[in-house]
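Biologist: I have a new model open on my screen and would like to go through it with you. Can we start with the overall picture and then look at single residues?

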Amino acid sequence: RMFDDYDKLNTLYMNAHTHRSKSYIAKKNDEEFFYADVEKTRTQFTQKQHELIQKKYDIPVSVKIAHAIIKQTLSFITGTKPAFQYITESYNDQDYSEMYQELTQAIWYESKMNSQLAQMITDSLVVGDGYIHIRQSDFFNESTFGVVLEHASWKQFLFDPASRKPDLSDMSYAFKVAVMTVDAAEKKYDIKIDYDNGNQSKLAFPYEIDDEITDRSSPYHSGTDKTRYTLIRECYQKEFVKLWIDENGNVTNKRPKPISAPNPAYLKLQSEYLSLRTAHNQASSQLLAYQEEEQKQVNELATGTNQAATMQQMEQSGSQSSGLKEQVRELSQKIKDMEYLIASTPETVPAYELLKLGEEEPVIAYEISKQERKRIVYSLIVHDKILERKVLPIDEIPIINCAYLHNDSPAKSYGLMHLLKDFEKAMNKLLQGAIYNVQLSGSPRVLAAEGTIVNRENFESTASLPGGLIEYTL
């Protein structure tokens with residue numbers, strides 16, 4: 001299935017790309033300086049500086065002190081391997097904590113995180129940010145537990161410019177981007193990529209592709225039509241979902257509609273009133289039957305027929321009749337009290353009409369509690385098509401950032417290299433000046449009138465030797 005909100009996601013991507021553009025150049029320069037490969041010269045000098053050095057004395061020496069300092073710092077940080085320990089509040093949960101501890105260690109071991117952690121910290125020290133990406137495994141046997149932790153270059157990540165926290169926990173979206181040849185992308189994702197569909201084919205690449213591979217004048221293909229490149233963008237969006245839950249546990253993500261509904265207390269009183277009425281009618285009927293029986297017994301006693309038995313029956317009926325009279329009296333009083341309560345209780349009260357998740361017919365709710373939860377929506381974008389979208393079972397974007405120095409923005413982070421680079425440049429310049437001065441001192445320039453030197457080649461070789469004798473004719 002193809003999703004139709006590519007323009008919205010591409011706008012987010014372009015905002016992050018534009019916001020990162022200046023800091024990307026500075027961080028790229030710091031990284032090239034650390035690896036002594038500025039502008040592909042394999043030195044700490046730019047192309048222009050390198051050409052000048054080669055032209056003058058061809059000794060492009062640099063001190064590379066920052067590399068040693070950063071590597072020494074890295075060894076201190078990673079000298080001890082991380083260990084995990086889960087502690088429970090009660091002894092009954094100890095089995096669960098041990099299970100989670102072993103699970104974490106297994107995922108860490110499978111992902112080779114000890115070495116990947118060192119790479120993340122190296123990036124942090126060099127450019128200011130290092131990242132670990134947590135993802136689901138791509139194929140069946142990639143991970144035993146379906147989770148993979150991997151280091152990825154800082155160049156592949158673009159973040160919400162509104163983020164302000166060093167750990168980026170407040171960002172609302174993030175992109176992890178990879179560059180892939182069109183042929184490889186079409187085979188992997190089983191799609192056809194079309195470059196002739198207008199402006200959407202003009203993609204903003206997150207980093208440069210080597211000149212040996214592609215032509216920078218057209219960022220998605222080389223000089224030939226055989227090698228074209230496209231973007232694979234993984235977008236993580238943090239959404240805040242509002243939920244409303246009623247007293248019966250019914251849940252909805254739509255705001256309940258206020259209504260007036262029958263008062264449950266009033267309905268309960270009505271039900272109890274009807275029960276009392278029924279009991280009162282039954283007791284009254286029984287009392288009337290006993291009273292008729294007593295009257296019959298009085299008549300029989302007056303006639304004188306079987307007076308002893310009649311007297312006994314009258315005594316029994318009298319006791320039962322008195323109990324019923326008391327019951328009828330109590331029920332009558334309860335009915336009066338109930339009628340007073342019913343008269344003082346409103347028939348309707350404020351309520352809500354709640355549409356349950358997955359249901360079409362609303363239910364009436366009297367008590368509502370509101371909760372706000374986070375969820376992460378994952379989108380896979382290949383070229384200009386959204387191929388996949390799903391809600392992940394997590395509430396934070398699965399990218400871990402290790403920031404060395406952070407200044408209130410993803411574009412304002414700095415590594416140790418940023419602090420050492422100027423000092424190292426000064427030392428390089430001082431060293432180059434010293435070398436140049438030594439060369440000039442050891443091989444001084446000679447001013448000679450035109451035509452005075454007969455054998456120039458012999459003169460130059462002799463003049464360059466320390467203590468060499470140069471003869472001349474008066």
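This is a predicted model: local features need pLDDT of at least 70, side-chain atom pairs count only at pLDDT 80 or more; totals for chains, interfaces and linings use all residues.

Biologist: How many helices and strands does the protein chain have?

Modeller: Both kinds of element are there. The protein chain holds 10 helices and 14 strands.

Biologist: And among contacts between residues at least 6 apart in sequence, what share joins residues at least 24 apart?

Modeller: That one is about how far along the chain the touching residues sit. Among contacts in the protein chain between residues at least 6 apart, the share joining residues at least 24 apart is 70%.

Biologist: What part of the accessible surface belongs to carbon and sulfur atoms?

Modeller: The protein chain has an accessible surface of about 30,200 Å². The part that belongs to carbon and sulfur atoms is 52%.

Biologist: Let's go to H1. At which residue does H1 bend?

Modeller: H1 covers residues 6-34. The bend comes to about 50°, and the residue is Ser21.

Biologist: On to charges. How many salt bridges are there?

Modeller: The rule asks for a side-chain nitrogen of Lys or Arg within 4 Å of a carboxyl oxygen of Asp or Glu. By that rule, the count is 16.

Biologist: Asp5 forms a salt bridge with Arg389. How many residues apart in sequence are the parts that the pair ties together?

Modeller: The closest N and O atoms of Asp5 and Arg389 are 2.7 Å apart. Asp5 is partly exposed at 23% relative accessibility, and Arg389 is partly exposed at 26%. Asp5 lies in the segment before helix H1 and Arg389 in strand E11 (residues 385-392), so the parts tied together are apart in sequence by 384 residues.

Biologist: What about Asp37 and Arg42: which of them is exposed?

Modeller: Those two form a salt bridge, with the closest N and O atoms 3.9 Å apart. Asp37 has a relative accessible area of 22%, so that one is partly exposed. At 68%, the exposed one is Arg42.

Biologist: Glu396 and Lys238 meet in a salt bridge as well. Which residues are joined into one network with shared partners?

Modeller: Glu396 and Lys238 come to 3.0 Å, N to O. The pair links distant parts of the chain, with Glu396 in the loop between E11 and strand E12 (399-403) and Lys238 in strand E5 (residues 229-246), 158 residues apart. Glu396 is partly exposed at 31%, while Lys238 is buried at 10%. Salt bridges that share partners make one network of Lys238, Lys374 and Glu396.

Biologist: Why is strand E2 largely enclosed by the rest of the structure?

Modeller: Strand E2 covers residues 147-152 and pairs with strand E1 (residues 129-136) in the antiparallel sense over 6 bridges. In that pairing, Ile134 stands opposite Leu149 in E2. E2 is largely enclosed because its buried residues number 5 of the 6.

Biologist: How far is Tyr266 from Thr348 in space, C-alpha to C-alpha?

Modeller: Tyr266 lies in helix H7 (residues 264-303) and is buried, at 13% relative accessible area. Leaving out residues up to four places away in sequence, Tyr266 touches Ile342, Thr345, Pro346 and Glu347. Tyr266 and Thr348 are 82 residues apart in sequence, and their C-alpha distance is 8.0 Å.

Biologist: Last one: how much accessible area does the nonpolar surface patch with Tyr100 have together?

Modeller: Tyr100 is found in helix H4 (residues 94-110) and is partly exposed, at 45%. The patch is formed by Tyr86, Tyr96, Met99, Tyr100, Leu103 and Phe145. Together their accessible area is about 620 Å².

Notes: Residues are numbered from 1 along each chain as its sequence is written. Side-chain values use heavy atoms; hydrogens and water are left out. Patches are made of residues with over 30% relative accessible area and no salt bridge: like charges are joined within 9 Å, nonpolar side chains (Val, Leu, Ile, Met, Phe, Trp, Tyr) within 5 Å. Accessible areas come from the Shrake-Rupley method with a 1.4 Å probe; for residues, only the protein chains shown count as cover. Helices (H or I, at least four residues) and strands (E, at least two) are DSSP runs, numbered from the N terminus. Buried means under 20% relative accessible area, exposed over 50%, partly exposed in between (1.4 Å probe, protein chains only). Contact means heavy atoms within 4.5 Å. The bend at a residue is the angle between axes fitted to the seven residues ending there and the seven starting there. Two strands pair if DSSP finds at least two bridges between them.
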